Amino acid sequence: MKKRFIALTLAALCAVAALAGCASAPAPEAEPADQAPAAQTAEPVDVRAAALKGPTAMGLVEFMSEADSGALTDNAYSFEIAASPDELTPRLAKGEIDIAAVPANLASVLYNNTDGGVQVLAVNTLGVLYICDQDGSVNSVADLKGKTVYASGKGSTPEYALTYILEKNGLTPGEDVTIEWKSEHAECVAAMAQDPHAIALLPQPFVTTAQAKNDAIRAALDLTAEWDAVQGDSAEASTLITGVVVARTAFVQEHPEAVDAFLQHYADSVEFVNDDVDAAAELVGSYDIVPAAVAAKALPACNIVYIDGADMKAKLSGYLDVLFQQNPKAVGGALPGDDFYYNAA
């Protein structure tokens, strides 16, 4: 593997340098006072990372596997997978976690609630929401007029995304389209089981899980594609974003080299997951995120990405602005400042 080859090459170079340092040699002449000292390699540090069970963790699986196997020696990486954002947010605030994959709007809320205590490092998941039917009646957003959509996630990304897309297509939620909110996705699937004409808003990989139990369920509309369709050619076009990677600002300031190393491993992991779906699915199953068979079918529809720097800032700031226009509380009451976006200059 390329990374292992590079690691071995670096190790060999270090060994040569060490031997050269041990050889006897004349004492070096004093350096001029204005000569800069040699750069020092950053010492390995503990990097405590966490992700949510679902697409935000799927992109990490190769990174986690290499860290667990001992193949990565630049830093001491540890990972955990949580079922809910509520498990991660207080621990980030307390400094018990250094880096976490969280919902995009939650990153903004955390930034505002901690006076800039977190920074966003990268976008890791675009939209994963799909309008599903069973009878083939939904082929466009316009087809939702006069119908009921079962959905879970009121007050979070599903509500904001669905509302935005309906309104951009000239439909008013609550008037043209009835949205019946459920407490969890399983209730939406249960409603579909009771009514063959029922329509539901579901995320991946839950769509694939539901299809395994009811093969009549069809992903009729991809909300990411529908979001893109209403953007037009505007230079300020936004993108539907589900998840991002954040870090404690203090950790970023204290260990910038460790943060950059983490992001490089993450980018490599995302590339692996998208290029070798079968191998990635096995790893997803081994970490009990979802069964490997579900992951193999769901991964291509999970929109797992790695976007950082200026491109990250452009896409994420546009998305957060859409949420802010709908409900300022969705982003923590205010749009984040430029310091929210890591390495986006």
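The model is predicted. Its sheet is built from 5 strands in the order β7-β6-β8-β5-β9, and helices α7 and α8 pack on it. Elsewhere, helix α5 crosses helix α14 at roughly 85°.

**The open sheet**

- The 5 strands of the open sheet run in the order β7-β6-β8-β5-β9, with mixed pairing.
- Strands β7 and β9 (218–222) form the edges, as each pairs on one side only.
- From one strand to the next, the twist averages 35°.
- The pairing of β5 with β9 is antiparallel and extends over 4 bridges.
- Within β9, leucine 221 is the bridge partner of isoleucine 131.

**Helices on the sheet**

- Helix α7 packs on the sheet and touches β5, β6, β7 and β8; the direction of α7 makes about 150° with that of β8.
- Helix α8 also packs on the sheet, where its contacts are with β5, β8 and β9; the direction of α8 makes about 125° with that of β8.

**The two sides of helix α7**

- Helix α7 spans residues 185–194, and its residues Cys188, Val189, Ala191 and Met192 are buried.
- Viewed down the axis of α7, these buried residues fall within an arc of 155°, so they line one face of the helix.
- An α-helix has 3.6 residues a turn, so residues three or four places apart point the same way.
- Ala193 and Gln194, on the other side of α7, are exposed.
- The cover over the buried residues of α7 includes the strands β5 (129–133), β6 (148–152), β7 (178–182) and β8 (199–203), together with helix α8 (206–213).

**The contact between α5 and α14**

- Two packed helices are described by the angle between their axes and the distance between the axes.
- The axes of α5 (residues 104–113) and α14 (residues 309–326) come within 10 Å and cross at roughly 85°, which means that α5 is roughly perpendicular to α14.
- From α5, the residues Ala104, Asn105 and Ser108 meet Leu316, Tyr319, Leu320 and Leu323 of α14.
- By class, this contact has 5 nonpolar residues, 2 polar residues and no charged residues.

**Leucine 106**

- Leucine 106 lies in helix α5.
- With a relative accessible area of 16%, leucine 106 is buried, because buried means under 20%.
- Leaving aside residues up to four places away in sequence, leucine 106 touches Pro85 and Thr89.
- Leucine 106 and valine 331 are 225 residues apart along the chain, yet their C-alpha atoms are separated by 6.9 Å.

Key:
Residues numbered from 1 in each chain as written. Predicted model: local features only at pLDDT ≥ 70, side-chain atom pairs only at ≥ 80, totals over all residues. Heavy atoms only, no water. Buried < 20%, exposed > 50% of the residue type's maximum accessible area, 1.4 Å probe, protein only. Arc of directions from axis to C-beta. Contact = heavy atoms within 4.5 Å. Pairing = 2+ DSSP bridges. Axes fitted to C-alpha atoms, helices over the stretch in contact; angles between N-to-C directions. Parallel < 35°, antiparallel > 145°, perpendicular 65-115°, else oblique. Nonpolar A, V, L, I, M, F, W, Y, C, P; charged D, E, K, R; others polar.
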